[in-house]
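Let's walk through this structure together, one chain at a time. Keep the view open as you read.

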Amino acid sequence: MSEPPALLVDRLAYAYPDGHQALYGVSLTVRPGERVAVLGPNGAGKTTLVLHLNGVLTGQGRVEVAGLPVAKPNLKEVRRRVGIVFQDPDDQLFMPTVRDDVAFGPANFGLRGDELDARVKRALDDVGMAGHADRSPMHLSGGQRRRVALATVLACDPDILVLDEPSANLEPRARRELAEVLLGLDRTMLMVTHDLPYALQLCPRAVLIDGGVVVADGPTRDLLADADLLAAHRLELPFGFRLD
Amino acid sequence: MSAGHAHPLHRPGDSPVHRLAPQVKIVAAVSAVLCVVSTPRERFWAFGVYFVLLCAVWAIARIPPGWLAPRALIEAPFVVLALVFPFVAGGPTVAFLGITVSEHGLLSGWNILAKGTLGVLASLTLAATTSPGELIVGLQRLRVPNMVVTIATLMMRYLEVIGDEARRMRLARISRGHDPRFLWQVGATARGVGTLFVRSYERGERVHLAMVSRGWTGAMPDHGGPAGRAAWLAGLAPTVLAAVVLGIAL
């Protein structure tokens, strides 16, 4: 039997309680080890899709993580397998120290003692923040906070890393440093972003979502080179940026 | 757990008092304050003994009195009240330092001054030797309900975030010429507070989402173990002495 896809989303539809239909039947398959960018204009349904991947929202259709259906009895394991890094690190970092925050997830999943300490250390090492373990997240720069937010999720040892606008509000250097960290991680990755050059740098494949459905799926370079496609979905490459 | 949160009331250190499990320190401080407030006000010597006990704890914790003194100023309004009492209370009078004052008022003032000062100093000693994060862990180990512990944790972290947000909103207001000097000009500030409330509520929802995504099910993880018998004995020793003093004083 062949290995199940890292992520399988099949005809996923969802309407918010106020009646707003955010997803109209999204289908997406991600193979283990793939890095996929999820592109789309504001209100396309990208974040709604992300919240379905770990069962925070549940709509109609099918979502499976490495063959495990996202359903109530599996939620704990699903949330361990799918690590979501939210857009604003201040929403993610809520403990008094960086170390406590990075330990929060794995402790919830049952790790204790030396094993927990080792996991925290490795996650902080992976993002280059081991020297800041005892500081308050409040006293870190924006780029450092973003890397610590990433570490809080890496510490859970997820199979899929889901990043919501990872480059938002970062200065160029912090943006580059984060890209280096992400490229150094050997994990399946789903990256929601408006930052098209970042998507090109980090993700060989891109999926374009608009109006609650997948409108394009292919190599990132091909999608970004299709000016008509981008224009039809309110996406633009930055000034001076060309893909020939 | 180490301190990483710079707090004006916390004095990081590595003394035996600092190393003591936070739940022991919380129980010791609260029960010591109970002993102090239960002591009859006429037993002047007992308050002296309590103060000596506190001094001993400071010596072990290596907290200089000069560090505590400015922080104890929070008690100032009560000191003023205590000083006013002897002059405004009725009943029999007595000469004190050459001034005729009410005997009942003098004792009441002394009661407030002695018990208030000792209470503030005991609380400051707890805060100085225990970081805010440790205090929360201590409360959790003392079986304070999970919801209260979670709210306290979030409040500690987000007061600064919300404070920053409020400062940015104020800057944006005054950058557009807002200059509230009188009560009838605070409309915009009030609306700003309303907006801040809604934003904080929305942030609360996002924080909750992020916590749930990392497997949170309602209890904050605690990485330490329970305190041993030796820690309880050592930590409660000053309080036991205070209880003995109270027993004699009663």
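Helices (H or I, at least four residues) and strands (E, at least two) are DSSP runs, numbered from the N terminus. This is a predicted model, in which local features need pLDDT of at least 70 and side-chain atom pairs count only at pLDDT 80 or more, while totals for chains, interfaces and linings use all residues. Residues are numbered from 1 along each chain as its sequence is written, and chains are lettered from A and ligands numbered from 1 in the order in which they are written.

Let's begin with chain B. Along its sequence, chain B follows the pattern α-α-α-α-α-β-β-α-α-α-α-α, with ten helices and two strands. Its C-alpha atoms fill a box of roughly 60 × 55 × 30 Å, taken along the principal axes.

Now turn to chain A and its sheets, where two strands pair if DSSP finds at least two bridges between them. Four strands of chain A form an open, antiparallel sheet in the order 2-1-4-5. Its edge strands are strand 2 (21-30) and strand 5 (68-69) of chain A. Within this sheet, strand 1 (residues 7-15) and strand 4 (residues 60-65) of chain A run antiparallel and are joined by five bridges; A:Asp10 has A:Arg62 as its bridge partner in strand 4 of chain A.

Another open sheet of chain A has six strands in the order 6-7-8-3-9-10, with mixed pairing. Strand 6 (82-85) and strand 10 (213-219) of chain A each have a single partner strand, so one side of each is left without a neighbour in the sheet. Strand 7 (residues 160-164) and strand 8 (residues 188-192) of chain A run parallel, joined by five bridges, and A:Leu163 has A:Met191 as its bridge partner in strand 8 of chain A.

Finally, how do the chains meet? 25 residues of chain B are in contact with 30 residues of chain A, where contact means that C-beta atoms, placed from the backbone, lie within 7 Å. Helix 7 (132-141), helix 8 (146-175) and helix 9 (187-213) of chain B are the elements that give two or more residues to the side of chain B that touches chain A. Helix 9 of chain B gives the most, with seven residues.

Key
Contact = placed C-beta atoms within 7 Å.
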